[in-house]
Structures are given as structure tokens and as C-alpha cells.
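Hi,

Here is the structure I promised to pass on.

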Amino acid sequence: MANPFNYDHYCFSCTVLSLLISLHAAATIASQVQANSATTPPLPILPLPSYSQLKWQQREIIMFFHFGVNTFTDSEWGTGQENPAIFNPTVLDAAQWVDTAVQAGVSLVILTAKHHDGFCLWPSKYTDHSVISSPWRNGKGDVVQELVNAANPRGVDVGLYLSPWDRHDPRYGKNKEYNEYYLAQLQELLRKYGSVKEIWFDGAKGSNAPNMTYDFGDWFSLVRELQSSINIFSDAGPDVRWVGNEQGFAGSTCWSTINRTALSIGNASIVGYLNTGDPKGTDWLPPECDVSIRTGWFWHKSQSPKPLHQLLQIYYNSVGRNCVLLLNVPPNPTGLISESDILRLREFRKAVDTVFSSNLAENCSVTASSQRGGKGGGFGPENVVDGDHLWTYWAPSDDDDDKEHHWIEFRASDGPLRFNVVRIQEAIGLGQRIRQHEVYADGKRIASGTTVGHKRLHRLEKGAVHALSVKIKITGSRATPLLSSVGLHFDPFWHPNPNGKPPSKFVH
Ligand code: FUL
């Protein structure tokens, strides 16, 4: 009879034996793995940032270039009736723009490819209201291309602003025709110039402008199709939201989370919500603080750059409140960034570096209320003074009884610490958690606040503190708080009033 199993030598007992041996080996390996295994990271709390949103957040400062026909007419909102012949920047040098950005520590620059006047800085196939009709480079120029050519070798990324409101094009107000025109231009910009990291959909529209329904859903889908690592900015996201004002400050409570369904583009009634976000928000949609180094967005002879103390105030109120600062530096009619702006930016960068390049917390001994996985578990308080501000962090133990009062403490090893800035950062890769926190120096409360997020900066209202110990208490949190970095810094540019209140014109 043929062997039903089709084996030459089938031995049942041999098979069972070898099965038992392998099971035993597997169990031994599993127990060894368990004995040697590292403590796992805590569970995330949703919503989480996307990879591109995390990269964007780490840039901290982005530079805006407002440039176009307004630069030549001394205006802020063009009429759309400008003669393209006025666009003639005699010595335009995009390399000078990008060098300015690099010196300011900026890794992404955003250009107004088209502002509300409809004039295009690139030779669009779909209109002649562009550089084609200007004398600049004999009508053969392309500002977008020149910017990309300057940015690429300098390792700087490019973003583009394409104004939805167009005061020149006759298709504006005709829903189908204008949406087709706008999408055609989006395709040109997102297919011709390589990688674009941010697209800016501005929400402004004049009160007498024709009614117009923008097909945002189609626009966003097309952007996603054409660029894989882009962030889409608009009043309502989907990747980056407007902060609700153009003064460069976020709410002192500032959540990266919000409910997108409550937002719409060009809706003035939601600016407060945009400013603070929402701890119950189901969408990760962090705010960007757009502000100009001068009064206007475009260059005007009569205007000059903001003083250093004001730029620093903006920095503390934007980057220091969990936001990205989008700082506008407008090129002048010659096509260059003015020397006065370059000097001010240099001062600004130097000041920021002076404040943050040394961290007194690094020389302290650090202890905490508890730590996940115990000593050596990988989540100890020492992680807040290493060089990684995202993926290494102090995590208290989940089973800490006193869930509302996690703390971390820094003790000076040689002599009192002198500082006037406290920097706290959350490991936002696992969600934004902290609702409430307090800072103590030698047992006395010196600062308190709500959200932390990517970065929270407290510039001490009463000036410098001398202390042997500094304790940060997390007094409210959506889930176990995770601190990725803490800094104790000295800001020599900070001169608060003796009564402890900052000058009123800078209070927001
Ligand atoms: C606004 C525009 O109306 C301004 O001109 C500027 O471009 C600013 C960034 O956005 O909505």
C-alpha cells in the first residue's frame, strides 16, 4: 500500500519529541528576553503630530518674504490694476535673501508667489499679469525659480504663498472658472519647483470683493498629491493653523490640539479659539505666529525694523508659547533685503544664542518624584538635560499615587544659580499633555502657567533669581506628563520693571 503521508520514514514519537524540545527552547528564549528587556515607552495620547508637523515645529523660526508690485507702489494691498512695467528690481539677488535667513538661523523661507493684487512672481502659463510682462530680466525672469536656486545649495527649504483672493483676474467671482485657474496655478507651483515644504492659503478678502466659493477640499487634495512632505497653512489648517493675530503672539495657554470642525477660513469670530487651541481638540493643528519685522508686510521707505527688545518679546510670546514664529522680512524695490533689517536680524539671532547657548540646569543634580521603570529604566530625570529635546524624556511612573503632583528638581552643585528664564519642553511626539505647572526657587514660587507643548519660556517678571534649588511641579495633565528638556538661562536683555510688570505696550 502506498504511504498515505507520502513520507519515506514517518516516526510519530520523534516528531512529538522534537516539538517539545523546540517549545522548551522558545520558552527559555522568551524568559531571557523578558529578563533583559527595556521598559517600554508610555502610551501616546491622541491626537499626535504627523512627521512633517514635527519637523515644522522644530524649525521654530520661518522667514516670510513679501515682495511684488506693492513693493513698487508703496502699498500693502494692491488694486490688481497695477501696470506690470513697475516691477523692476534692478539688483534682485535671492542669494542675499537666503543668506539673511541662514544668518538668522532659519531653515524655511516662504515667498508671496502671488499676493491679493494677482501679479505672479513666476511666468504662469495662465495669465500675462506676471513677471513676463515686466521689464525685469527682459520679461524672462522667474523669482520663484531664483529663490529655489539660491535656497537649494544653502540647505534651506522653500514655501509658497498663493493668495486665494485675486483682485486682478476677471475669473474671480466665477466659481468654476476661478477654482480651475487657481488649481492650474497650484499645479504649476507644486510641480515645477521641486520640494515645497509649506503652502500658505491666506484668509484675507476685501469687504467689497465678489462672492466666491473656494474649493478647499480639492485644493488640499491636490497639494497632498503633488507634495509628500508639505504642510498646508490656512486659518483652519489642515496642518498648520493661524494664531488669530498678526502681532506674533500666541495665547499664554496654547494647545496644538483643536477641533477642525469648529474652524473656517476667513472667520473673524474664531480668533480667540485659534489663539489658545483646545485641550479636548481631536486634531493636531499647531499655530503659526506671522508678524513682520517692520510695520507693514511689504517694504516701505518710511518704515524701519522693530527694535531688538520687541523682537525678543515676540520670540518669547511665540516660540516660547508652543508656536512657530513666521517672521516677515520684506525685500526692497532694488530686490535686496535692506541693511537695517539684516543688522537687526543679526542682533536678534545673537541675542537668542546668548540667552540659550548655556544652560545652568546641565550642571545640577536632578531628581524627580518618580520615574518610569525605576532607575536605569531609560526614563530618568537626567534626560531633560541631554541634547535631545524630543525623544528622550523624563517620564514619572504611571503608578505614582500622587498623580496630580509630579515634580522634577535641580540642585546646584557649586554655588547659587542665577537665572531669569526657565525653559520647559514636552515630548510632544507622544501628544501634548501638561495643563498646569509651577516653578519654585528655594521653595518660593517664581512662575506658573498652563500649557507647555514643544517649548514654554518663562521670562521671570521680577528679574533674576539666585537659588540653590529649582523645582518644577506639574499640577495638571491630560496624561502622565513627559518632559523632554528643561533649561535655566540668563537673559541679559531682560530688564523688567521694578514693580514686576512688563511695559504695558508689550503685554498681550
Ligand atoms: C494677510 C494679508 O492680507 C496680508 O497682506 C499679509 O499677506 C498677511 C500675511 O496675510 O491676510
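**What I found around the ligand**

One oxygen atom of the ligand sits 2.7 Å from an N or O atom in the side chain of His-66. Before I go on: this is a predicted model, where local features need pLDDT of at least 70, side-chain atom pairs count only at pLDDT 80 or more, and totals for chains, interfaces and linings use all residues. Residues are numbered from 1 along each chain as its sequence is written, and side-chain values use heavy atoms, with hydrogens and water left out.

Back to the ligand. Tyr-161 has a polar side-chain atom 2.8 Å from a ligand oxygen, and for Asp-202 the distance from a side-chain N or O atom to an oxygen of the ligand is 2.6 Å. The protein covers 92% of the 290 Å² of accessible area that the ligand has on its own (Shrake-Rupley method, 1.4 Å probe). The residues surrounding the ligand (a heavy atom within 4 Å of it) include Phe-64, Trp-77, His-115, His-116 and Glu-246. By class, that shell has six nonpolar, three polar and three charged residues; here Asp, Glu, Lys and Arg count as charged, Ala, Val, Leu, Ile, Met, Phe, Trp, Tyr, Cys and Pro as nonpolar, and the others, Gly among them, as polar.

**Helix H7**

Which residues of helix H7 (216-226) are buried? They are Phe-216, Trp-219, Phe-220, Leu-222 and Val-223, with buried meaning under 20% relative accessible area, exposed over 50% and partly exposed in between (1.4 Å probe, protein chains only). Seen down the axis of H7, these buried residues fall within an arc of 165°, so they line one face of the helix. They pack against helix H6 (175-192) and strands E4 (198-200) and E5 (231-234); contact means heavy atoms within 4.5 Å. Helices (H or I, at least four residues) and strands (E, at least two) are DSSP runs, numbered from the N terminus.

**Two loop residues**

Ser-134 is in the loop between strand E2 (108-114) and helix H5 (143-151). Ser-134 counts as buried because its relative accessibility is 5%. A polar atom of the Ser-134 side chain lies 3.2 Å from the backbone nitrogen of Trp-136.

His-389 is in the loop between strands E11 (365-368) and E12 (406-411). With 30% relative accessibility, His-389 counts as partly exposed. Its side chain makes a polar contact (a pair of N or O atoms within 3.5 Å; within protein, one must be able to donate a hydrogen and the other to accept it, and residues adjacent in sequence count only if both atoms are side-chain atoms) with the side chain of Ser-485, at 3.4 Å.

Cheers

How values were computed
The arc is that of the directions from the helix axis to the C-beta atoms.
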